[in-house]
Amino acid sequence: MIPEIGLFVLFLALIIAAIQAVVPMVGAVRQDVYLMALGNRLAVIQFFLVTISFTSLIYAFVISDFSLLIVYNNSHSLKPLLYKISGVWGNHEGSMLLWVLILSMFGAALAIWGKNISPTLKARVLSVQSMIGVAFLAFILFTSNPFLRLNPVPSDGRGLNPVLQDPGLAFHPPLLYLGYVGYSMAFSFAVAALIEGKIDDKWGRWVRPWALAAWVFLTAGIALGSWWAYYELGWGGWWFWDPVENASFIPWLLGTALLHSSVVVEKREGFKNWTVLLAILTFSMSLLGTFLVRSGILTSVHTFATDPERGLFILLILFVTIGGALGLFAIRAPIIKNNFKFAPVSRESALLYNNLFLTIGCAIVLLGTLYPLFLEFASNGESKVSIGPPYFNITFLPIMIPLVAAIAVGPMLSWKRGVIGALYVKLLFAAGSCLITIFIVLILVPEGPTLAACSMGLAAWIAAGCLIEWASRIRLFNSKSITNTGRLIKSSKSANGMTLAHLGIAILIVGITGASAWQKEITTSMAIGETIKVNDYSLTLKKVQIGKGPNYNLERGTFSLIKSNNSAIIMHPERRYFPVARQATTEAAIKTTLLADFYLVIGESRDTIDNKNEWTVRFYINPMMFWLWLGVATMVLGGLLSLSDRRRGISIPVRKKA
Amino acid sequence: MKRFILIIPIIVFIIIIAVLSVMTLQTKEGRNPSIVPSALLGKEAPNIELPMLARNIPGGFKGSDLVGRVNIVNVFSSWCVPCLAEHPQISWLATNGFPIYAINHRDNVSDASNWLKKHGNPYFAVGFDPEGRASLEWGVGGVPETFIINASGIITYKHIGPITKEILKEKILPKLHEAKR
């Protein structure tokens, strides 16, 4: 009965969404206050209905109702409760329902919290948001019904893909979707503004919190996915330039550009058309990402549950939504007037520079991701290539270096006309920190590549630049120091958020550099009692036990890792075999310290010629991994701090005369 | 001019969508996205030396043996079920005048010898690769795999997976004739 309710309310949600797609828009055209206000209620009702539907699906998974096809295919009565719940979105139908849930949630959030937004714009935004909702609700109901029944009812389910039976799945897809779908708000704002034919500083101020929220979620979602791949796949790496990873990174790059360009709209009423285009493109890249993951037209280590048939439907939605928006852009953009000027050295120029490099970087990643498909298409299936890390390392990283190096300078420049001479002392200090850092790293790691030392220097340059800018903003070194604490408290949270996020980039660079330039990897086979040496470390295989988990069998190795004369660290990597799915997974043993991660994987065992048992063992030393995660966490915190700025969204401060 | 710039995004977008739809349609009709051809295509066969499997089985060969005529190199293991499925086609190729070299991938002497005794040995020479080292050089991802090498020792074609009768007729034989030219 409950699944039928879930299906029924989903139909109701489609009807409500269809009404919401039309009525507020009509209201905005006729200037009918009542019709426009109706949009708010419809958005909340839509969210409520989709929530009921989603909850009923979770319920079916929790009670293991195998009369539902989706539960039978993706769950098993012996599975722990957490994985029964996360199994809801570990498959196509459920994940699309989650997608729509988040889409309607953003609509409802705007209806409830967006009180200060001009009623006509808000009505149009809700209407556009609901058009996307109609497309995806129809997609679910007509091609991916999650509530299909089975007859006769099977006695037990087929289980979830073992790789997905991990706490990572509980949090990674919802966060990633919050990011992907969060950009639908920026998209709806952009389309609504194009329809209205008016973009001003207020529009910039209204769209920014949504773009920022989506950015925070997407950053956290990507990081969590990367972390999950790091400990679950057992390959010792955290980023593989895999198509599905790129699919989330492409909207991130554009979304980051959007975050910066919308500041110019807000403060200076500039870059209007460009910001609107970025908002449309960011969401289209999110849709493209959904398509690439769902359609299975590219090979990926992260693709589960693909279906080309449904891929075509997503492509159709993509075509209508984005094609429509870009068509509207081509027609309406000429009427939006940009009337602002800035000097070559100014905050505007710095933000333009930021956008330029982020967009080029995005184009490079997009090209590298789609190129194999285009080549296969152009050669009629004769030429197939796969594009891996070497391409991205050669093309993408050089674009990122000038981008991140500018982080130290950009925030110091003033609007309209900056004076580089005034920054001379500050930049000299930052450059000094950079050189000292390079020097120290070269002494501490004499064998490491010089480039790694330069990269650490780059991180120091950014961090120093950020801290100096922050110190001069709150006048840390001003003589009247009593007022400083007051200034710190009063100084805008959004500016402090920016500084924190930029510092996060510096920390992230430290992590990336260490983990890629100084990584050590050993693959070997070891018998019990055998010891291998890596740098100053010696690794001994003590024993291997066989055991049982809740729904798997396991082989558990006990290793001791000793550095020269210190005490031993005991590590327990596991290899799990899931009989229901007939699949094995590796559980790496990871020991994290401030300076390095020790990462150990145990593989298959085999008999040697003299009848001894040997296990394949992979051991990695990943320096600075901790800093990598800390850097991303700092970026997310910075975003959250900026988002919590009270001046955003709730009331519009009077614009200062420049 | 400005108008023109504004329609660039939608033009690029339509091209991308068009290509993606074609590829999705092909995927629906059986295109396998995961098959990536060997990086060795068009290059010389790796000159790694493979030892013989056992005294009574002709074998041991190295990359430089594969010149002077069109040769086939087939990767197999006794434990691999699809290898057995393609065995009749491999035997047919051998009796029809194509010399086939074998890389015996991650196997042991007794299992491999028994397998060849039981199902017949169509191979011109068998190279023993218990550790998979030669397979690594050849870029082998799994068993079975089959390479076609032309008279100058260049790899001209690689097939991943078992050779069925249809694949033999539609892919392997045309590629063998191509390699002869």
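Colleague: What should I know before I start?

Modeller: This is a predicted model, in which local features need pLDDT of at least 70 and side-chain atom pairs count only at pLDDT 80 or more, while totals for chains, interfaces and linings use all residues. Residues are numbered from 1 along each chain as its sequence is written, and chains are lettered from A and ligands numbered from 1 in the order in which they are written.

Colleague: How many helices and strands does chain B have?

Modeller: Helices (H or I, at least four residues) and strands (E, at least two) are DSSP runs, numbered from the N terminus. Chain B has five helices and seven strands, and from the N terminus their order is α-β-β-β-α-β-α-β-α-β-β-α.

Colleague: Which domains does chain B have, and what separates their centres?

Modeller: Domain bounds come from an automatic or database domain assignment. Here that gives domain 1 (1-33) and domain 2 (49-180), with 41 Å between their centres, taken over C-alpha atoms.

Colleague: What is the radius of gyration of chain B?

Modeller: The radius is taken over C-alpha atoms, and the globule rule is 2.2 Å times the number of residues to the power 0.38. For 181 residues, a compact globule would come out near 16 Å, but chain B has 21 Å. Its C-alpha atoms fill a box of roughly 80 × 30 × 30 Å along the principal axes.

Colleague: Is Pro398(A) buried or exposed?

Modeller: A residue is buried if 20 or more other C-beta atoms, placed from the backbone, lie within 10 Å of its own, exposed if 12 or fewer, and partly exposed in between. Pro398(A) counts as exposed because it has 11 C-beta neighbours inside 10 Å. Pro398(A) is found in helix H13 (residues 389-405) of chain A.

Colleague: Which strands pair with S6(A)?

Modeller: Two strands pair if DSSP finds at least two bridges between them. Strand S4 (residues 553-563) and strand S6 (residues 574-578) of chain A are antiparallel over four bridges. Five bridges join S6(A) to strand S7 (residues 583-587) of chain A, also antiparallel; there, Phe578(A) stands opposite Gln583(A) in S7(A).
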